[in-house]
Amino acid sequence: MLIRNCSLEGKTGRFNVRISGDKITEITQFSASLEAKKSEEVFEADGALLTSALAEPHAHLDKAFLSERIANPTGDLMGAINAMEANRHLITVADTIERAERAVRLMASNGVTAIRTHADVTEWNSLDAVEALLEVRNRTKDLVDLQICALLGWPLSGNEGKANIQLGRRAIKMGANILGGCPHLDVDPIGANIALLELAGELDCNLDLHTDEHTDVNRLSLEDLAERVVATGFSNSVTASHCVSLGMQSHDTQQRVSEKVAHAKIGVVALPHTNLFLQGRDTHSAPPRGLTAIAALRRAGVRVAVGADNLQDPFNPIGRGDPLESAGLAILTAHQLPEDAFLSVSSVARDIMGLADAAPKVGSIADLMLTPSATIREAIASAPPRTLVIRHGHVTFSRLAQPKR
Ligand SMILES: [Zn+2]
């Protein structure tokens with residue numbers, strides 16, 4: 001495949017980019033006379049910006065597009081959770097497949113080639129969400145790398161936790177890739193950290209935990225998680241999602257905890273979309289931003305990705321399935337530079353997901369997108385429709401004219 005006449009961020013001039021197999025093999029200055037190889041597909045970029053494709057490191061595809069069906073009467077996290085449980089009878093495996101597949105196809109058209117989705121695994125819905133998302137993973141295997149994280153209910157420790165732990169074992173055996181849970185909602189958050197680390201060790205899988213998704217300055221289980229990952233020598237990857245209460249801590253505490261998180265090599269996923277909607281509703285003056293301490297974490301060397309979390313459901317009534325929207329929120333709410341915000345929804349998100357970098361350079365995996373913008377900042381600001389999306393060297397979405405051969 002040959003992409004002719006594209007722009008690259010930070011580089012003057014126009015370029016031709018050649019892809020062979022699933023890798024970028026050649027980048028040269030644009031030349032109108034460059035001959036395509038025999039049987040090579042040629043795409044005319046017309047000056048559009050070629051970048052890494054996008055990644056969504058934290059989605060809940062099983063709940064996508066439920067806004068009209070399930071209302072959140074209080075607008076906060078527990079309002080959404082309680083509404084989901086009260087209305088489980090309105091959700092079937094077949095309709096979860098339809099909504100989740102629709103969400104994946106929407107994201108793919110926006111340049112997404114990798115998604116990590118959580119799947120509710122509770123005593124109420126058992127393994128229905130995992131079953132549905134496994135089917136969606138199969139149906140969309142040519143569009144995205146879809147990672148499924150089994151989001152266990154609570155409690156998780158002691159005798160009371162045995163049923164949930166057993167469901168976790170079954171979810172991984174069925175084909176979920178990652179183990180997840182919500183220690184901050186457990187009666188015993190530390191016990192939940194211990195139980196989840198033990199279970200992930202037993203099953204030899206990665207962990208991605210909903211961590212401290214609240215603004216209570218007195219509750220911080222992230223520090224315990226970081227200490228425990230180091231103390232136990234847990235060797236698989238660990239991701240801490242949300243970490244909102246870290247954003248409420250003093251500067252010194254943010255720095256101390258961030259250093260421990262960096263030492264434990266835990267990746268953090270900030271989720272401004274949903275947490276701006278859910279958090280801070282009980283604070284009427286200067287409400288908090290519902291965001292983790294992105295700057296402190298980055299200073300300490302922690303990889304911080306940004307995701308959208310929910311998509312038009314009781315947890316977040318809006319969202320366009322476009323990580324550029326999340327990048328824009330990171331600029332506004334966390335004062336990130338546009339280039340850093342873009343990395344947080346592409347390279348850094350991929351790294352946390354265990355995927356190879358897809359920056360447009362020779363040797364990179366060819367997960368790429370073309371956006372009709374002059375710069376990354378403009379792409380985030382305007383978020384125009386992507387014109388070409390490539391995954392593993394294959395076109396997954398195109399608004400361009402049919403390639404010339
Ligand atoms: Zn979540």
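Histidine 335 lies in the loop between α10 (323-334) and α11 (338-344), where helices (H or I, at least four residues) and strands (E, at least two) are DSSP runs numbered from the N terminus. The structure is a predicted model, in which local features need pLDDT of at least 70, side-chain atom pairs count only at pLDDT 80 or more, and totals for chains, interfaces and linings use all residues. Residues are numbered from 1 along each chain as its sequence is written. Phi of histidine 335 is near 55°, a positive value in a residue other than glycine. With 11 C-beta neighbours inside 10 Å, histidine 335 counts as exposed; a residue is buried if 20 or more other C-beta atoms, placed from the backbone, lie within 10 Å of its own, exposed if 12 or fewer, and partly exposed in between.

A positive phi is also found at alanine 286, with a value of about 45°, although this residue is not a glycine. Alanine 286 belongs to the loop between α8 (272-278) and α9 (294-299). It is exposed, with 6 other C-beta atoms within 10 Å. The peptide bond from tryptophan 154 to proline 155 is cis, with omega near 5°, and proline 155 is placed in the loop between β8 and α4. Most residues other than glycine have a negative phi, and most peptide bonds are trans.

The domain assignment of the chain, which is automatic or comes from a database, gives domain 1 (2-52 + 358-398) and domain 2 (54-352). The C-alpha centres of domain 1 and domain 2 lie 31 Å apart. At the interface, 15 residues of domain 1 are in contact with 21 residues of domain 2, contact being defined by C-beta atoms, placed from the backbone, that lie within 7 Å. The elements that give two or more residues to the side of domain 1 that touches domain 2 are α13 (376-382), β15 (388-391) and β16 (394-398). Of these, α13 gives the most, with four residues.

The strands β15 and β16 also belong to an open sheet of four strands with the order β5-β14-β15-β16 and antiparallel pairing. Two strands pair if DSSP finds at least two bridges between them. The edge strands of this sheet are β5 (49-52) and β16, each of which pairs on one side only. The twist averages 20° from one strand to the next, with axes taken as lines fitted to C-alpha atoms, for helices over the stretch in contact, and angles running from 0 to 180 degrees between N-to-C directions. Four bridges join β5 to strand β14 (residues 368-371) in the antiparallel sense; the bridge partner of leucine 49 in β14 is threonine 371.

A further open sheet of four strands has the order β3-β2-β1-β4, with mixed pairing. Its edge strands, each pairing on one side only, are β3 (23-29) and β4 (42-44). The twist from one strand to the next averages 20°. Strand β1 (residues 2-6) pairs with β4 in the parallel sense over three bridges, and isoleucine 3 stands opposite phenylalanine 43 in β4.

Parallel pairing also joins strand β9 (residues 178-180) to β10, over two bridges. The bridge partner of isoleucine 178 in β10 is asparagine 206. Six of the six residues of strand β10 (residues 206-211) are buried, so the strand is largely enclosed by the rest of the structure. Both faces are covered, with Asn206, Asp208 and His210 buried on one side and Leu207, Leu209 and Thr211 buried on the other.

In helix α3, Ala129, Val130, Ala132, Leu133, Val136 and Arg137 are buried. Seen down the axis of α3, its buried residues fall within an arc of 160°, so they line one face of the helix; the arc is that of the directions from the helix axis to the C-beta atoms. These buried residues pack against α2 (93-109), β7 (112-121), β8 (145-152) and α4 (162-174). At 1.5 Å a residue, the 12 residues of α3 (residues 128-139) should span 16 Å, and the end C-alpha atoms are 17 Å apart, which agrees. The expected span is 1.5 Å times one less than the number of residues.

Methionine 78 is found in helix α1 (residues 77-86). This residue counts as exposed, with 12 C-beta neighbours inside 10 Å. The C-alpha atoms of methionine 78 and phenylalanine 315 are separated by 9.4 Å, while the two residues are 237 residues apart along the chain.

Note on methods: Two residues are in contact if their C-beta atoms, placed from the backbone, lie within 7 Å.
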